[in-house]
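Trainee: I would like to go through this model with you, one point at a time. Please end each reply on the value or name I ask for.

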Amino acid sequence: MRTGRSAGVADELDENAVLRRISGGDKLAFQALYRVYFSRLARFLNRLTRNVPLIEEIINDTMLVVWQKAATFDGSCKPSTWIFSIAYRQGLKALRGLDEPLEPQDELSGETGNGPEHAMVAHQLRQGVSRAIDRLSVEQRVVVSLTYYHGMAYQEIADTMGCPVNTVKTRMFHARQKLKDMLSDHMEEME
């Protein structure tokens, strides 16, 4: 049991130590980090690419960079920010290599709520939100995903995307405006 520190701080310190071990060639530390980040990166990259077969390849490319560059991690940001920034760059690189248009995919969370009507409305709302997010630009989609699905602060997102914090704020502002418009249209369609 952890005492005296919040779980987030302890996890961050543990990840710093894990990266140091990886920089020394510790394969077990790398495997542990891979397991911790696989599902987080998969969710993030699904929002970025909307291409399930490509996601695992991007994750593997990302983690290869982590393995090769762990010694270069200087601690100027959280390890998660560093890893997500690598995944973001690998994802953009992979997207540039695609010839095909991105296709939205349904997301189901398995919630049942208060009966079939509630489940249907919740499902339709999730689909509407997902479609609306898919219609945002890549940069706006990434900002929304990192903020709402991964709990990152604007500074962490700026570090991940390699842009100023004000750019992140502007992208979020415009994304919210577009989402508001698209979701109000979706709600009118449901009525």
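Trainee: Among contacts between residues at least 6 apart in sequence, what percentage join residues at least 24 apart?

Mentor: This is a predicted model, in which local features need pLDDT of at least 70 and side-chain atom pairs count only at pLDDT 80 or more, while totals for chains, interfaces and linings use all residues. Residues are numbered from 1 along each chain as its sequence is written, and side-chain values use heavy atoms, with hydrogens and water left out. A contact means heavy atoms within 4.5 Å. Among contacts in the protein chain between residues at least 6 apart, the share joining residues at least 24 apart is 66%.

Trainee: How many helices and how many strands does the protein chain have?

Mentor: Helices (H or I, at least four residues) and strands (E, at least two) are DSSP runs, numbered from the N terminus. From that end the elements run α-α-α-α-α-α-α-α. The count is eight helices and zero strands.

Trainee: What percentage of the residues of the protein chain count as buried?

Mentor: Buried means under 20% relative accessible area, exposed over 50%, and partly exposed in between, with a 1.4 Å probe and protein chains only. The accessible surface of the chain, by the Shrake-Rupley method with a 1.4 Å probe, comes to about 11,200 Å², and 52% of it belongs to carbon and sulfur atoms. Of the 191 residues, the buried share is 39%.

Trainee: How many of the residues of α4 are buried?

Mentor: α4 reaches 26 Å from its first C-alpha to its last, close to the 26 Å expected at 1.5 Å a residue; the expected span is 1.5 Å times one less than the number of residues. α4 is largely enclosed by the rest of the structure, because its buried residues number 14 of the 18.

Trainee: Is Ser80 buried or exposed?

Mentor: Ser80 has its place in helix α4. Not counting residues up to four places away in sequence, Ser80 touches Glu15, Tyr37, Arg40, Met152 and Glu156. Its relative accessible area is 9%, so Ser80 is buried.

Trainee: Which residue forms a salt bridge with Arg50?

Mentor: A salt bridge is a side-chain nitrogen of Lys or Arg within 4 Å of a carboxyl oxygen of Asp or Glu, and by this rule there are four. The closest N and O atoms of the Arg50 pair are 2.7 Å apart, and the partner is Asp134. Arg50 lies in the loop between α2 and α3 and Asp134 in helix α5, so the pair ties together parts that are 84 residues apart in sequence. Both residues are buried, and the network of salt bridges that links Arg50 with Arg47 also includes Asp134.

Trainee: What is the N to O distance in the salt bridge of Lys78 and Glu156?

Mentor: Lys78 is in the loop between α3 and α4 and Glu156 in helix α7, 78 residues apart. Lys78 is partly exposed at 32% relative accessibility, whereas Glu156 is buried at 13%. The N to O distance of their salt bridge is 2.9 Å.

Trainee: How far apart are the end C-alpha atoms of α6?

Mentor: The buried residues of α6 include Val142, Val143, Val144 and Leu146. Just after α6, Gly151 takes a positive phi of about 65°. At 1.5 Å a residue, the twelve residues of α6 (138-149) should span 16 Å, which agrees with the separation of its end C-alpha atoms, 15 Å.
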